[in-house]
Structures are given as structure tokens and as C-alpha cells.
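Morning, everyone. I have one structure to walk through today. Here it is on the screen.

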Amino acid sequence: MRDVRELTASPVRLVKRHRDPVVVQTLRSAVAASLAYVVALRLSPEAAPLTAPLTALLVVQVTLYATLTNGIRRVNAVVAGVLVAIAFSMLVGLTWWSLALLIVASLGVGHLVRVDEYVPEVAISAMLVLGVTTVGDTAWARILETLIGAVVGMGCNLLLAPPVWVDEAGESIEELARRVRQLMLRLGEQAAGRTPVEQAAAQLHEARRLDHDIVQVDADLRQAEDSLRLNPRVREGLLHRVVLRTGLDTLEICTVVLRVLARTFTDLAKERHSQPLFPPGTGPAVERLLSEIADAVVSFSVLVTTDVSHSAESAEERLTAELRQAATSRDKLAQLLLDEVQRDTRHWQLHGALLTEVNRILDELDTEHRSRRLFEELDRVSQEQRRRRPRLTRLRESVRVPERLRRNRGTAAGRSR
């Protein structure tokens, strides 16, 4: 039975592995470098035109947006390094002192041509080129090889479109929501029973560790956002980016509130000592409420990561129903806590903090709040894009104006008939 499971699991791991960023980057870099070398063999006078595959390796990126935005600076860095190496190969050749001067000159040239974070690549390219170029008469062939590598690297990303990493980012967001759910369920179990201070403190540390998970999810989301930009296979890329980003922001707020909630439970455990955190009737109500909120968090993650309209509608309906049920349970718990405070006022601050934290999570998950936040972010990003690229905005508007005129003419013609 174990062998059967291993055999069925290996194809699944293989399918997941072929979309791994490291695997994708390795294969694309190898293909681009090989093609650049083949083209350079035909066009370059050099017997071993290694500068072409070197440039292709430096240009190719995982996403098309990263290639187009970083490719120009990378090409500038490589070309600058090649030119510096050509000058040194013609004048002094390769020695220990010329290598030191080469590095200083290359770094200085890198700052002059403003290649930003690729300044070290100017020196790297210069050293590599100088190492394979010792004859001045053949050094100028490196410029041709550099251009070949750059063109092939760009072409590989245009012809072989990079993968879209939205699904991977969605899986990371859903996994984060499931971890939040599990922690919230454990907090609910603590509320319904006797909780030692050490156990409550352990849950608080786990809630704090969720910050590290958010950092990883944010990295996956950034890669997905880059894969959506300038990708010909993606429509409404801006909408996808904003939906995922605002969804992660909401989950991040929920994790912060959950950390505060865990701290409230820890403080309550210190005050109660060996007694239950809540009275017999109140503890199960807290557990039920946290369980309903935990389910709503997962439903929210499914909503923001679903791109099919029918599935999104069903996810939104499920989330709305769960939030409505959680609000009802919250009202019942508020009445129970009020009765408890009237009997014993010693812990009224912690009881009030519990209700405040629950209300904050419910407010963040609310569908109306979500829609308002989404529209605000879309407007903000659109305005920012118009400020950054005014010429492109004017071009788009000039294209849209004739389209509106044609539609208006068609409408007027239909009315006249």
C-alpha cells in the first residue's frame, strides 16, 4: 500500500516541480544561453564566442516584466564592462595590477552609466571578457556577441512566455489562512477549558511566528505581480494584482489582531491561574465564535484567490453567511460577557478587549469593506500609473476616444432608424 502511494505521489511532485522558480529559471537560462552561442558561432569571428551566452544568462529572468525592466540595465552594464575590457586588452592586457585598475574603472563607469543595482556586473563582465580577450584585434567582436546574447535573451522571454505565478501565490495565501484558522481553533479550545499560562504563552509565540509566514507569502505575491505585468497571456493584470495584494493586506491585519487576541488570552490565563479562562456558559460561546471566524478567514482566502466568476460568487455567498452567523454569535457572547462583568468586574478590560479584537476581524472580512477597499486601491494604482507614464496615458486616451465616437455614432444611427 505504501509503494502504491509513493508511485502515485511521484508524478504529482514532478508536475509541481516543473513550475518551481528554480527549475523554470534554470531551463530558460540554459535554452537562452545555448541559442545565443549557436547564433554567435555563425555571426561572430571568434572561435568560442562565450560572451553571447554570458549576456543571455545575465538578461533572462523568471518573469517577462523583470526581463524587460532589468534587461536594459543589465545590457548597459554588460556593454560598459565589455568596452572597459576592450580598452584594457588593447593597452595593458591581463596582469594583477591591471585587474585591480579594471575593477576600479568598471565600478566607476557603472555609476556613470546609472545601471543602479547592476554596477558590480560591469566589473564582472569586464573581468570575464578580459580573461577570454587578450588580442586587441578580436576584442571588438565581443560587442557583437553581447548584442546577440541580449537579443536572444529578450526573444526567449517574448516567444516562450514565462509562467504566470498567480496560482502559486493563491496557494500561499490559502495556506496562510489555514494556519490562521488552526491557531484560532486552538485558542477557542483554550477558552472552553483550563489553560495553563505556559500553554497560552506558547500560542502567543506561534501567533508571532505568523509574521515570518507573511514575509514568505509576500515574496510569492511579488513574483506573481511581476509575472502579470506586461504578459501577453494575461488580461486585466492590474485587477488580479490588486485583488491578491488587498487580500494579503487583510489577512495580515487579521494575523496582527490574532496576535493581540492571543496576548489577551495569555493575560487572562495569568489572572485566572488554575481556573478556566471563562465561566462554564461563556467558554463554549467563545469557542464557537472563534471557530466561525476561523472558517470565515479560509472562505475569504478562497474568495480572493478564485478567478472564475461562478466560484467567486459561491465563495462570496459562503463568506457572507459565515460572517452573519459569526455576528450573531458575537452578540450572544457580548451579552454573556456583560452579565459576567456585572457579577465580577475584575477582568472587564480583558473581556472588552476580546470583543474589540473580534469586531476588528469581522470588520476586515466584511464583503462591503472588501469591495470599498478594492475600489480605492484600484483608483490609487491607476492614478499612480498615470503620473508615472503620462505619455502612455495620453496614447490610451487617444485610442479610446475614437472607440467612444464609433459607439456613439452607432447608437445614434440605430435611434435614427
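Let me start with pLDDT, the predictor's confidence in each residue, from 0 to 100. The protein averages 76, and 75% of its residues reach 70 or more. Now the ground rules. This is a predicted model, so local features need pLDDT of at least 70, side-chain atom pairs count only at pLDDT 80 or more, and totals for chains, interfaces and linings use all residues. Residues are numbered from 1 along each chain as its sequence is written, and side-chain values use heavy atoms, with hydrogens and water left out.

Where is confidence lowest and highest? Helix α1, residues 2–17, has the lowest mean, 43, while α12 has the highest, 90. Helices here are DSSP runs of H or I, at least four residues, numbered from the N terminus. Residues 1–18 have pLDDT below 50, and beyond near neighbours in sequence that stretch makes 4 contacts in the model. Contact means heavy atoms within 4.5 Å.

Next, the interior. Buried is under 20% relative accessible area, exposed is over 50%, and partly exposed is in between, with a 1.4 Å probe and protein chains only. A nonpolar core is a set of buried Ala, Val, Leu, Ile, Met, Phe, Trp, Tyr and Cys residues joined through side-chain atoms within 4.5 Å. The largest one holds 62 residues, and Phe-265, Phe-278, Ile-293 and Leu-354 touch the most other members. Among the elements giving two or more residues are α9 (166–191), α10 (197–228), α12 (282–305) and α13 (309–343). The top contributor is α11, with 13 residues.

Take Phe-278. Leaving aside neighbours within four places in sequence, its contacts include Ala-191, Phe-265, Leu-337, His-351 and Leu-354. Apart from this core lies another, of 12 residues, including Val-84 and Leu-102.

Why is helix α3 described as largely enclosed by the rest of the structure? Because 8 of its 9 residues, in the run 51–59, are buried. Pro-53, Leu-54 and Leu-58 are among them.

Now the surface. Met-90, Leu-91, Val-92, Trp-96, Trp-97 and Leu-101 make a nonpolar patch of about 710 Å². Patch residues have over 30% relative accessible area and no salt bridge; nonpolar side chains (Val, Leu, Ile, Met, Phe, Trp, Tyr) are joined within 5 Å, like charges within 9 Å. Helices α4 (64–91) and α5 (96–112) each supply at least two of the patch residues. The largest share, 3 residues, comes from α5. Leu-101 sits in α5, and is partly exposed at 45%.

Phe-375, in helix α15, is exposed, with a relative accessible area of 55%. Its C-alpha lies 9.2 Å from that of Val-242, 133 residues apart along the chain.

Last, charges. A salt bridge is a side-chain nitrogen of Lys or Arg within 4 Å of a carboxyl oxygen of Asp or Glu. The count is 12. Asp-213 and Arg-179 pair at 3.1 Å, N to O. That pair links α10 to α9, 34 residues apart. Asp-213 is partly exposed at 23%, and Arg-179 is partly exposed at 28%. Arg-181 and Asp-295 pair at 2.9 Å, joining α9 to α12 across 114 residues of chain. Asp-331 pairs with Arg-330, also at 2.9 Å, and Asp-331 is partly exposed at 46%. Finally, shared partners join Glu-174, Glu-175, Arg-178, Arg-179 and Asp-213 into one salt-bridge network.

Technical notes:
Accessible areas come from the Shrake-Rupley method with a 1.4 Å probe; for residues, only the protein chains shown count as cover.
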